[in-house]
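Below is a briefing on a structure, arranged by topic. Please read it alongside the sequence and the coordinates.

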Amino acid sequence: MYPVEFLYTRDHEWVRVDENVASIGITEHAQKELGDIVFVELPPAGTHVAAKESLGTVESVKAVADVYSPVSGEVIAVNPKIQSAPELVNSDPHGEGWLVQVQLKDREETEGLMTSEEYEEYLKGEASR
Amino acid sequence: MVEFGGWEMPVEYAGIVEEHLAVRTRAGLFDVSHMGEIEVRGTKALELLQFVTCNDVSRLAVWQAQYSALMYPQGSAVDDCVVHRLAEDHFFLCVNAANTQKDFDYILQINPFKKQSEVEIRDVSHEYSQLALQGPAAAAILSEVTDADLTALRFYCCSPAVCCGVKGLLARTGYTGEDGFEFYFPPPESHRVWTALLEAGRPHGLIPAGLGARNTLRLESAYPLYGHELDADTTLLEANLGWICKLGKGDFIGRAPLAAQKQSGLRKKLVGFEMMERGIGRDGYPVWIEGKVSGRVTSGSFAPYLKKNIGLAYVPPEYAEPGRELRIEIRGKLVGAKQTVLPFYRRARH
């Protein structure tokens, strides 16, 4: 379910680091909790974002959720399909439904993130609360 | 599942959009057992309800229902409700779950007839489950599992009926803007009726639908929701509910301020809007007109059938006009919207 090559946040974002570029999206768990996603708002390429700060919002029919950036850096790409097809976040949150790519400022920032195994444990903890 | 007024309620099953579209094009089944039911009966029941509600109860024949509201003296609603007439002196009110206790206490307090033979008021919410079968295929589905003559059961009529082998009250009412039925019956039979209806409806494309779709469906149809479009500070005229205020029926609670407001004008007016720019104007977001905050969104959502972002908002009456532009403040940003004609969606009637 949760790709082992990804890292995860407590706010249910995932990040995949490839060289110095981080691809970011929301997790399967997050899309399921939100339900039908109808609107995604993201900063344009060139925007500088800081770790743990709001990166944008994902809106479903029933709720608005902030997406927090797991890392700091410059947005270098926004998923070009996501504005016209926000439902990709529901159908393929870990793939076609990615949100942005960020040029990493500091690779060490990813050290505090969870592995897929840790994230799955974390979800179990959340479910039993 | 979310907790709602002490009830564990499903917000969605297959997804709000899919459930919404099923109700518009086929059928959806809602468990709305959380809704409250209040019985009023006795020789003075009609008189009491004429006084405490705004619609004209005397116009109801036995086995008819009407949309109405329990009234505060200031012309606002204690709650909106559906009044069913089960006999000359016997009425059955369906009220909002969260308001049931408030409504019941209010009617008791207003009631001047203290003899039980004159008026008996009972909160019977726990004696009824309620399922709502809604959508263009609702009648075809229900006809397979009921003894009731559905062609004779017109919109806003009700009848005792056996559905799926269970005796109850069947009403051709709903909160979705589609044709449909609401069935009130004893709670121990809930599972049986639910499964039998789903079974009968499967070939017709019936699916279970949750509170999420119920909300988007009522919004497309511009039906008010208590706590959003309706509250103690909003008169029924302001909420576009003048059509249920029968000022000519005789005195009732709140009649005088409504009559006065008809002369003096509204303080605010409920309007519909459609987002022109990207964004969803949601509940509570400020509405900007001519450079200042002039109102608030009461309900706003993506509308799954219309595929637009729509909402309802209160604005000063002088600005209420279809076509006129508004701006909705969405998380600090002003986003363009345009007033529309209400309802946003109206089903084609045959």
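In chain B, strand E5 and strand E6 (residues 77-87) run antiparallel and are joined by 7 bridges. Within this pair, B:Ala65 has B:His84 of E6(B) as its bridge partner. Helices (H or I, at least four residues) and strands (E, at least two) are DSSP runs, numbered from the N terminus, and two strands pair if DSSP finds at least two bridges between them. The model is predicted: local features need pLDDT of at least 70, side-chain atom pairs count only at pLDDT 80 or more, and totals for chains, interfaces and linings use all residues. Residues are numbered from 1 along each chain as its sequence is written, while chains are lettered from A and ligands numbered from 1 in the order in which they are written.

**The sheet that holds E5(B)**

- E5(B) belongs to an open sheet of 5 strands in chain B, with the order E5-E6-E7-E4-E8 and antiparallel pairing.
- E5 and strand E8 (120-123) of chain B are the edge strands, each pairing on one side only.
- From one strand to the next the twist averages 25°; axes are lines fitted to C-alpha atoms, for helices over the stretch in contact, and angles run from 0 to 180 degrees between N-to-C directions.
- Helix H2 (residues 45-52) of chain B lies across strand E4 (36-41), E5, E6 and strand E7 (90-95), at about 130° to E4(B).
- Helix H3 (residues 100-110) of chain B lies across E4, E5, E6, E7 and E8, at about 15° to E4(B).
- Here and below, residues are in contact if their C-beta atoms, placed from the backbone, lie within 7 Å.

**B:Ser68**

- B:Ser68 sits in strand E5 (residues 65-71) of chain B.
- B:Ser68 is buried because 26 other C-beta atoms lie within 10 Å; the cut-offs are 20 or more such atoms for buried, 12 or fewer for exposed, and partly exposed in between, with C-beta atoms placed from the backbone.
- Not counting residues up to four places away in sequence, B:Ser68 touches B:Thr53, B:Cys54, B:Asn55, B:Cys81, B:Val83 and B:Ile244.
- B:Ala97 is 29 residues from B:Ser68 along the chain, and their C-alpha atoms are separated by 16 Å.

**Strand E9 of chain B**

- Strand E9 (residues 129-134) of chain B is largely enclosed by the rest of the structure, because 6 of its 6 residues are buried.
- B:Ser129, B:Leu131 and B:Leu133 point one way from E9(B), and B:Gln130, B:Ala132 and B:Gln134 point the other way.
- In a regular strand the side chains alternate between the two faces of the sheet.
- Strand E3 (residues 27-31) of chain B is antiparallel to E9(B) and joined to it by 4 bridges; B:Phe30 has B:Ala132 as its bridge partner in E9(B).
- Strand E12 (residues 180-185) of chain B is also antiparallel to E9(B), through 6 bridges, and B:Phe185 of E12(B) is the bridge partner of B:Ser129.

- Chain B is divided into domain 1 (2-218) and domain 2 (268-350), with bounds from an automatic or database domain assignment.
- The C-alpha centres of domain 1 and domain 2 of chain B lie 29 Å apart.
- In chain B, 8 residues of domain 1 are in contact with 6 residues of domain 2.
- On the domain 1 side of that contact, H1(B) gives the largest share, 5 residues.
- The largest nonpolar core has 123 residues, and those with the most contacts inside it are B:Val40, B:Leu93, B:Leu133, B:Leu170 and B:Leu236; such a core is a set of buried Ala, Val, Leu, Ile, Met, Phe, Trp, Tyr and Cys residues joined through C-beta atoms within 7 Å.
- Domain 1 and domain 2 of chain B each supply at least three residues to this core.
- Leaving aside neighbours within four places in sequence, the contacts of B:Leu170 include B:Thr146, B:Ala148, B:Phe181 and B:Phe183.

**Contact between the chains**

- The contact takes 12 residues from chain B and 8 residues from chain A.
- On the chain B side, helix H1 (16-25), helix H6 (211-220) and strand E16 (292-303) give two or more residues.
- H6(B) is mostly covered, with 9 of its 10 residues buried.
- Just after H6(B), B:Ala222 takes a positive phi of about 60°.

Notes
Two residues are in contact if their C-beta atoms, placed from the backbone, lie within 7 Å.
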